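Please look over the protein shown here before reading the report that goes with it.

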Amino acid sequence: MAADKQKGEKDPVNFVHQNAILCETIAKENRHQKLFKDYGINPFKKNHPLTGKPNSPYDADDGQEDSHFLTVIKRARQEPVKKYVTPQTEAMEYGWISRPLIEQDVTDKRLSFHRSHSNITKYMDAAWRIKEQQENLN
């Protein structure tokens, strides 16, 4: 039978089998599908609500605030360190603990290297200032 078919010739489409495959696929999708009914506003997207008309009787409820919505918005705009106890991704681990390991003591000369001016640096600072002033005049 296989010898009867020439190269490049395909079997005709069997619509009964195609329909059975489609029905099986739909049944699988319906079995694993969960209907989502809890809709809300995305707190990570800034929205720009329009104000109501000043003399409209339908906009009388505008003075009320939704406290839950405000807390969700405030939490969404916080830094990740304040939102979560531990880092949620590997990238968050870098810089998660941002406080220094040891307290900085400015009186300890071993760890504090403040900018110090010697005679040479004072001279060069003055020379560069004079050069900048001359360039600005020209």
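The report below covers confidence, overall fold, charged pairs and a surface patch.

This is a predicted model, in which local features need a pLDDT of at least 70 and side-chain atom pairs count only at pLDDT 80 or more, while totals for chains, interfaces and linings use all residues. Residues are numbered from 1 along each chain as its sequence is written, and side-chain values use heavy atoms, with hydrogens and water left out.

The pLDDT, which is the predictor's confidence in each residue on a scale from 0 to 100, averages 82 over the protein, and 83% of the residues score at least 70. Where pLDDT is low, the predicted coordinates should not be read in detail.

The protein has 5 helices and 0 strands, and its pattern along the sequence is α-α-α-α-α; helices (H or I, at least four residues) and strands (E, at least two) are DSSP runs, numbered from the N terminus. Confidence is highest in helix 1 (residues 15-32), with a mean of 93, and lowest in helix 2 (residues 67-76), with a mean of 86.

The accessible surface, calculated by the Shrake-Rupley method with a 1.4 Å probe and, for residues, with only the protein chains shown counting as cover, comes to about 14,800 Å² for the protein, and carbon and sulfur atoms account for 55% of that area. Of the 138 residues, 5% are buried, where buried means under 20% relative accessible area, exposed over 50%, and partly exposed in between (1.4 Å probe, protein chains only).

Side chains of opposite charge can pair when their charged atoms come close. A search of the whole structure finds 2 salt bridges, each defined as a side-chain nitrogen of Lys or Arg within 4 Å of a carboxyl oxygen of Asp or Glu.

| Salt bridge | Closest N and O atoms |
|---|---|
| Lys 82 with Glu 79 | 3.2 Å |
| Arg 110 with Asp 108 | 3.1 Å |

Arg 110 is exposed, with a relative accessible area of 66%, but Asp 108 counts as buried because its value is 17%.

Ile 120, Tyr 123, Met 124 and Trp 128 form a nonpolar patch on the surface, and together they have about 490 Å² of accessible area. Patches are made of residues with over 30% relative accessible area and no salt bridge, with like charges joined within 9 Å and nonpolar side chains (Val, Leu, Ile, Met, Phe, Trp, Tyr) within 5 Å. Ile 120 is found in helix 5 (residues 119-137) and counts as exposed because its relative accessible area is 63%.
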